[in-house]
Amino acid sequence: MDFFDRFAIPHPSPVIYASMVAIGLTVIAIVAGLTYFKKWGYLWREWITTVDHKRIGIMYLLSALLMLFRGGVDALMMRAQTAVPENTLLDAQHYNEIFTTHGVVMIIFMAMAFIIALMNFVVPLQIGARDVAFPRLNNLSFWLYFMGAMLFNLSFVIGGSPSAGWTSYFPLAGNEFSESVGTNYYMLAIQISGIGTLMTGINFIATILKMRAPGMKLMKMPMFTWSALITNLIIVFAFPVLTVALAMGTMDRLFGSNFFTTTDGGMDMLWANLFWVWGHPEVYILILPAFGIYSEIIPTFARRNLYGYKSMVASMVLISLLSFFVWVHHFFTMGQGALVNSIFSISTMAIAVPTGIKIFNWLFTLWKGKIKFTVPMLYSLGFLPIFTIGGVTGVMLGMSAADYQYHNTMFLVAHFHLVIIPGVVFAMIAGLTYWWPKMFGFMLNERIGKWTFWFIAGGTCLAFFPMFISGLDGQARRMYTYSEATGFGIWNMLSFIGALGLAAGFVLLVYNIYYSTRYASRDIGDDPWDARSLEWATHNPVPEYNFAITPQVNSSEAFWDSKKNGHTLFKGDYKEIHMPNNSGVPFIMSIIFFVLGFALVFSMWIVAIVSLIGIFACLAHRSFEKDHGHHISVEEIEKTEAEMRGAK
Amino acid sequence: MKELFPRKQVMGFVFSLVLTAAALLVYFLDMSFAVGMTVLLVTAFIQAGLQFIVFMHAGETEDKGLIFTNIYYGLIIALVTVFGTLLAMVWGYI
């Protein structure tokens, strides 16, 4: 292939050309808008270079919502293609590209970003800290994630999207069967954003272990912070496996090594093995923060303290350990013997036990509670039954003998969507609605929010329950079309209608943000939900330094006890506050990472070497830089606090 | 002067060089796969322990309980991953 041919789209269609034009116009519009309103300086000073965990959290949030729409459009196209038999809306190659992109975008760039967004915003507030342990590293994490996501999305207009599935199994993903540069994009984009995630993991473990407010013992931490700690532990132990696997895959594709080839001593199944050694813990990386969010929301709106705090913690620790013991259940049919499959079947069923404990704890928290049906609570209540059905069908899939029947069918697709959507998407929207007043100082409209909930919950059920039936009838996943005689038509049409319902729900969510921004009251006080944990003890919106006086904690529901049981949170006077400085280096370094990734995708070695040197130059700059942060004086704190209606 | 000399670190550095040399012998001497692999694994684990304790100061602060728990947890997961992979890909594969 000629050098310049590689940049062309291998399977062009009018839709892709239209998207190119649309992307070009959007970029021009953004640049022109920023220049016209003279916002470049503001953007650089206040957002791009920020080390404030709250702003980084909000940037993660916006990126996650953007990626949710990208992945959602992919999903709609897939459902539209399969809605009727023998449809010709998309051809096989486009369908492959779309389901690959849908999976990668939703897991790596939407769900991960969403959980990290909420962790960033909430965790330092919940433990009474001023920022995370390594604020500048946090900025670098975000920009590496963002550049990885952009690199991946670029594949669609330059060089072609990856089409080997989000799992990218070899030998299909090897050069022989995936000739275009699409899979190079997959390997490098996930690699870059994965480095960012790994840094987040280290950062948050250090933050939670070392920066808790005085008196907050580990067993007095709020449940969301506990779930964040466990999640980040899993990130630190699981992501290196992905890093190594992606590096090996990249070398196979770019340098002709033989890790995953079928000849010359390579072992193609090793990719699947390593992928799932990361991939199964990844499932728990996504679900545990969601569990944490529900454990905050349910006690708040059931007006009771959380049932079984210790068993909640113990079951999360157990889940984190067991999550590393089950990965083979993703490829029971690959040819291992009965002994291996039995071992991993049993460990898979074992993991349902701690999860069940958590479900019962939530139910007991609700028991005899004075439940307030707010929007976050509706999502939590919707989560319980739908997630349980999704989880129980997962145990069915986990029985290796039976798995031969439904492996790689739509039954599997139904299962994992019915755990991931209530487990991650519901939790994220619930968390978003719950913490929105803390982020932006006004509440999202409850009435529109309830409509959104019913569209999303109803859409989820209608879209995915029919897949159980078509899957058991034999419809394989990733089939781009089917004949009328199979009888799958009706189920797929129902799924399509469900997907439209979901789409309507997400449009309503965006409309709600727009509507509430314009009309919602700004006079809501600091604690609009009458909540229980420390993040509600500071002002709305939160000042740069979070708490004017470091809180003193002596119970697991510190803020609730200060409201109802007379504990004093803030003792002493204002003292000078030491805060970190902003820095532009992480952003520049991430841009260089983007260039490096792009150069490697297209085997442009000179550019790649120059950008590697640039990355090391940035690292060296950091090593020799003297940056002692800045201090906020007592007068400044007094002024800010007075503006925010005085300290308590 | 004696108190200022970092005796532990210098000894650790020398010992770490000895371990590296021992591992290198596997390449230069002609030994069986089993013997070579044993030498590599043993020197690697001692080397890792040395780095953690002497140069990364694990066990010198009051949170050493947390640090060692993390290291052991990581070790368990690494062993499960390696032996699980061998089980699934080699020993238990028909």
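The crossing of α4(A) and α13(A) is left-handed, a term used when the near helix is turned anticlockwise from the far one by less than a right angle. This is a predicted model, in which local features need pLDDT of at least 70 and side-chain atom pairs count only at pLDDT 80 or more, while totals for chains, interfaces and linings use all residues. Residues are numbered from 1 along each chain as its sequence is written, and chains are lettered from A and ligands numbered from 1 in the order in which they are written.

Helices here are DSSP runs (H or I, at least four residues), numbered from the N terminus. The axes of α4 (residues 92-126) and α13 (residues 410-440), both of chain A, come within 11 Å and cross at roughly 30°; axes are lines fitted to C-alpha atoms over the stretch in contact, with angles running from 0 to 180 degrees between N-to-C directions. α4(A) is therefore roughly parallel to α13(A), the word for angles under 35 degrees. Residues are in contact if their C-beta atoms, placed from the backbone, lie within 7 Å, and among those of α4(A) that meet α13(A) are Phe114(A) and Phe121(A), with Met428(A) and Trp435(A) on the α13(A) side.

Elsewhere, Met110(A) touches Ala64(A), Met67(A), Leu68(A), Gly71(A) and Val105(A), not counting residues up to four places away in sequence.

Between the chains, the contact takes 16 residues from chain A and twelve residues from chain B. On the side of chain A that touches chain B, the elements giving two or more residues are α7 (223-255), α8 (269-302) and α10 (338-366) of chain A, and the largest share, four residues, comes from α8(A).

Note on methods
Contact = placed C-beta atoms within 7 Å. Parallel < 35°, antiparallel > 145°, perpendicular 65-115°, else oblique.
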